[in-house]
Amino acid sequence: MKRPGALYCPLWFLLLLAAGSLLLLVRLQDLTDTPGVNVLVAPRWPVHKDDVEAVSSASLLELQDFKPPVTKRQRKLLLQTPNPSATVERHGKLLLQTPNPSATVERHGKQLLQTPNPSATEERHGKLLLQTPNPSAAVGGDGAEERRRQQLAETQASRRRRLNNVCAVYQPGASEQRVSRHQVSRVYVEDRSRLLYCEVPKAGCSNWKRVLMVLGGSAASTWDIPHDAAHAANRLRRLDGYDAASIAERLRSYTKVLFVREPFERLVSAFRDKFESPNSYYHPVFGRAIIARYRANASLSALRSGAGVSFPEFVRYLLDVQRPVGMDIHWTPVSQLCSPCLLRYSFIGKLESLEADANFLLRSVGAPGNLTFPDFKDRNPRAERTSAAITRAYFSQLSAAERQKVFDFFYMDYLMFQYDKPFSDLT
């Protein structure tokens, strides 16, 4: 017969075990709140504070035919992805899989991102609010016009998402970095309409300066402003001319505008303008150096004048890491010229849809109704505008390897602004 006290031993043991487990749980909870203690937590993908549109694969999956370099930083990001099995590396590119595929829809032939909470998509801190200036006019107004405006607004939202997603992968946290004066040195300010415009040469910048002059009151009409006056006597202020507090306030509250162009076409346009037409600056400064460096048995007259640079010679200069003369804004990639990941542009227009994009922007910011974007070419007016066909003819002068190197040079512009590869053999 067992003693009565022996029956209580297992019960006391269970009570002591439960008490010990409770104390251990409390201790672990304290550790998670204690500074300096390393606690394993779920990794998180870097996101912008104001970006209500989460990083998703819907836009980035469209990049699967491109070949960006995979840096150590990008490999680290791959390791930090919440679901590593959902990350695919193809041809050295980061392809982000959507955690919830049902959140991705295809609209107008493009994959657009859906936000879990549509009401959260209000854009703050200087982002463009594309609203009808007179809401009551939208009720009984022209239905076709309203549909056109809505389509343009959706295009803008898609372009911003694309840029934000690319920046989140290749320059995570860039928008949190401090802005230097150099990084805003190409940004023009128009205070009346609260506009910031980053100048991209060969992407309609001359006419944009005319528009800014009219908006600012220094000219009555864009047609009254000669080409040289638009550049040399425009009386427009650049953002780097303000003090730090004024720069920060304008970046926060103004509409930030960027207009881009197909990179190969922009490059050919710059070459034709600066080297195939008389030019008292580019011929002696760039032409002489290019001919001396890249032309065998150059004539004395060519070395003296700098005229007659060929497109292959110009490309050799562009790709040379030890260029005999420095870079120029006319062929600097937009990704470097305007710091799009840092400045988070509100409006991204394209030269290919220049008139529609520009006039939509002007109406959205309340510009005078009689002000429309000018469509005239006053520099070398007899020369045909650089088109896709002309661009292809110039690039046909290059080898496949040279075309690939130029594509790599402008790769981030192709990626950020969603331009197709201009040649099928590019990788």
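Reply: What follows starts with the whole chain, settles on one strand and its surroundings, and ends with a few separate details.

This is a predicted model, in which local features need pLDDT of at least 70, side-chain atom pairs count only at pLDDT 80 or more, and totals for chains, interfaces and linings use all residues. Residues are numbered from 1 along each chain as its sequence is written, and side-chain values use heavy atoms, with hydrogens and water left out.

The protein has 18 helices and nine strands. Both are DSSP runs numbered from the N terminus: helices are H or I with at least four residues, strands E with at least two. Of its 427 residues, 45% count as buried. Buried means under 20% relative accessible area, exposed means over 50%, and partly exposed lies in between (1.4 Å probe, protein chains only). Take the contacts between residues at least 6 apart in sequence: 72% of them join residues at least 24 apart. A contact is heavy atoms within 4.5 Å.

Now the part itself, strand 6. It covers residues 195-198, and all are buried. L195 and Y197 point one way, L196 and C198 the other.

Strand 6 has a partner in strand 5 (residues 187-190): four bridges join the two, and they run antiparallel. Strands pair here if DSSP finds at least two bridges between them. E190 has L195 of strand 6 as its bridge partner. Together the two strands make a hairpin, with four residues between them.

R194 sits in that turn. Its phi is near 55°, a positive value in a residue other than glycine. At 40% relative accessibility, R194 counts as partly exposed.

Strand 8 (residues 255-260) also pairs with strand 6. Again there are four bridges, but this pair runs parallel. The bridge partner of L196 in strand 8 is K256.

Next comes helix 6, residues 205-216. Its 12 residues should span 16 Å at 1.5 Å a residue, and the end C-alpha atoms are 16 Å apart, so the two agree. The expected span is 1.5 Å times one less than the number of residues. Helix 6 is mostly covered, with 11 of its 12 residues buried. Among the buried ones are W208, K209, R210 and the run V211, L212, M213, V214 and L215. What covers them includes strand 5, strand 6 and strand 8, along with helix 7 (227-232) and helix 15 (354-364). An α-helix has 3.6 residues a turn, so residues three or four places apart point the same way. Just after helix 6, G217 takes a positive phi of about 90°.

Helix 9 spans residues 263-275. Its 13 residues should span 18 Å at 1.5 Å a residue, which agrees with end C-alpha atoms 18 Å apart. E262 caps its N-terminal end, with a side-chain oxygen 2.9 Å from the backbone nitrogen of F264. The polar-contact rule is a pair of N or O atoms within 3.5 Å; within protein, one must be able to donate a hydrogen and the other to accept it, and residues adjacent in sequence count only if both atoms are side-chain atoms.

On to aromatic rings. The structure holds 30 aromatic pairs. In one of them, Y281 and Y282 have ring centres 4.9 Å apart and planes at 90°, so the pair is edge-to-face. Rings of Phe, Tyr and Trp (its six-membered ring) pair if their centres lie within 6.5 Å; planes under 30 degrees apart are stacked, over 60 edge-to-face, and the rest tilted. Y281 is partly exposed at 42% relative accessibility, whereas Y282 is buried at 7%.

Two charges sit over rings. The charged end of K350 is over the ring of Y419, 4.3 Å from its centre. R392 lies over the face of F423, at 4.3 Å from the ring centre. The rule: NZ of Lys or CZ of Arg within 6 Å of the ring centre and within 35 degrees of the ring normal.

Two buried residues close the tour. E313 lies in helix 12 (residues 311-319) and counts as buried at 9% relative accessibility. Leaving aside neighbours within four places in sequence, E313 is in contact with I290, Y294, R295 and G308. S339 is in the loop between helix 13 (334-337) and helix 14 (340-343). S339 is not a glycine, yet its phi is positive, about 45°. S339 is buried, with a relative accessible area of 11%.
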